[in-house]
Amino acid sequence: MAKMIKLVSGDGAEFEVEEEVAFQSKIIKDIVADADDVIPLPTVSSKVLIQVIEYCRKHAAVNSFPLSPSSSAAAAASSSSSISYSKPVSDPALRAWDNEFVKLNNSSLFDIVIAANYLDIEELVDLVLETVADRIKGKQAQEIRRQFNIENDFTPEEEEALRRENSWAFQNN
Amino acid sequence: MQTKSRVQDYFDQIPDSLLLLIFNKLADARSLGRCSAVSKRFNSLVPLVHDLFVKIDRVVPVDGDCDFASLSSPKPSNIFAHLLKLILLTILRPFHHLLSTNGRNKPLFPQVSHHSPSRVLKNFTQVHNLRIELPAGDVGKEDGVFLKWRAEFGSTLQNCIVLGGTRIEHESTSSVNLQGSVEEDNGSLPESFYTNGGLKLRVIWAISSLLAASARHYLLHQIVKEHTTLRSLVLTDADGQGTLTMGVEQLKEFREKQLAPSASSNRTQVPATKMKLRYAPYLELRERMGVQGATLIVIKPVGEGTSCGYSSSKREMEALSCGAFDGPFQAAVKALAKRRTYLLEMNGF
């Protein structure tokens, strides 16, 4: 019988999840080690918690089986020395699932990354940040501001100077 | 109507460390340049990225001075370069285009939207891992012929692996005319290899790859000098033909030692080298695709590795060549590594 952990969201809803699913979160893993099975998460809403649990459930199944030699070699080969919390997901089926998972609006995405950061779920943080990076790539500054509601705190003169200095970035080729 | 009450900036919810992580994943210099004009917060974080990818739009040959590298203007006619070109041209008339691409006498000036990579990189002060992509491979080639090289440099060439051959797709193996038998395990080169220009062609591949690699190496000097935080540098091209890599120790060496330009001063001097050549008249890579005249050439400067025992340097070579390329090319390398080795030596140039 799998051990169950109870998570309580910010708005008071309770969620029972298998231990291995909950342990995708390093924070939860540490708390439970101190012998507490009911974990209140006041900063995480039910909506977000449901999504996070869904991700953890999917990835718990994968993480409980060690990578086969060929896929771990592929993972090691493809992860360069760049900064990243975790190795890239090498299983194409899982990667496809991840890509579907992050087809969310920016609001939801950011809610999830904040929760995942709080709960210390490295792979999920990585996945969402990668998605945000993809949404920034190729866009002009104004588009980026519009998409993410960023305020332009430069004066027109400052902005002009910046564009001139970095003109190579602003031309389209 | 009043100005719309601004919905919260999404990025306000995440700490600088996560935003910086996003920029590191973005890595693309042009996108990051645009980000630095988005807001003051973005502007302060962009210069701190560790991972950077610069895509070169075009490479322009120029005469005389260019601000890209501290080059002296190229020597007008250098006897040695001329001689080498003449010898190679007469022997290999069909392959002369290998040497004429980019007008090799002229220094090359890579550009990102009419600016040099150095200029682009000025904005980034903490780059650890830099990847630069040229628009195309440097070595012209004929249809069906593929050539891939991977070179490691410190202040000078440390090693270069070259893989070449003619790729062929076919319906079934029986319809292909194989030179010699398919599996000649004694690995001796068939007579045809010598008589139908096979060896000369391979030497040209090796020289072309070394020329391309040393030209790229020379271009990097200013960047390496200016960015002391660099730990890894990879220079590839969009065709996936050639890769030049430098790691932490190699970068350090490059920065500290005096640059040794070749006589034509648009590339680093290539030292005298030993080449280990392996050849297979035909290799089946996977179903319906094979390589004819598959060749693996492992090139190292003379004098390197002689202090190690024979067996350890052999193992090192195996590891080196097996890791050089991906996918079907890695399989080709593995298959070729089993073949008999032929040794060649070449002077520096």
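Reader: Which residue is the bridge partner of Lys6(A) in S2(A)?
Author: That's Glu16(A). In S2(A), Met4(A) has a bridge partner too, namely Glu18(A). Keep in mind that this is a predicted model, where local features need pLDDT of at least 70 and side-chain atom pairs count only at pLDDT 80 or more, while totals for chains, interfaces and linings use all residues. Residues are numbered from 1 along each chain as its sequence is written, chains are lettered from A and ligands numbered from 1 in the order in which they are written, and side-chain values use heavy atoms, with hydrogens and water left out.

Reader: In what sense do S1(A) and S2(A) pair?
Author: Antiparallel, over five bridges, with strand S1 covering residues 4-8 of chain A. Strands pair here if DSSP finds at least two bridges between them; strands (E, at least two residues) and helices (H or I, at least four) are DSSP runs numbered from the N terminus.

Reader: How many residues sit between them in the hairpin?
Author: Five, and Gly12(A) in the turn has a positive phi of about 90°.

Reader: What's the strand order in the sheet?
Author: S2-S1-S3 in chain A, an open sheet of three strands with mixed pairing. Its edge strands are S2 (14-18) and S3 (38-40) of chain A. S1(A) and S3(A) run in the parallel sense over three bridges, and Leu7(A) has Ile39(A) as its bridge partner in S3(A).

Reader: Back to Glu18(A), which side chain does it meet in a salt bridge?
Author: Arg57(A), at 3.0 Å, N to O. The rule wants a side-chain nitrogen of Lys or Arg within 4 Å of a carboxyl oxygen of Asp or Glu. Glu18(A) is in strand S2 and Arg57(A) in helix H3 (residues 46-63) of chain A, so the pair ties together parts 39 residues apart in sequence.

Reader: OK, new topic: how much area do chain A and chain B bury between them?
Author: About 3,900 Å², 61% of it on carbon and sulfur atoms. Buried area is the accessible area (1.4 Å probe) that two parts lose on being put together, summed over both. The contact (heavy atoms within 4.5 Å) takes 46 residues from chain A and 43 residues from chain B.

Reader: And how many salt bridges across that interface?
Author: Three between chain A and chain B. One of the salt bridges joins the side chains of Lys25(B) and Glu130(A), at 3.5 Å, N to O.

Reader: Which elements of chain A give two or more residues to the side touching chain B?
Author: Helices H6 (106-119), H7 (122-136), H8 (141-148), H9 (156-165) and H10 (167-170) of chain A.
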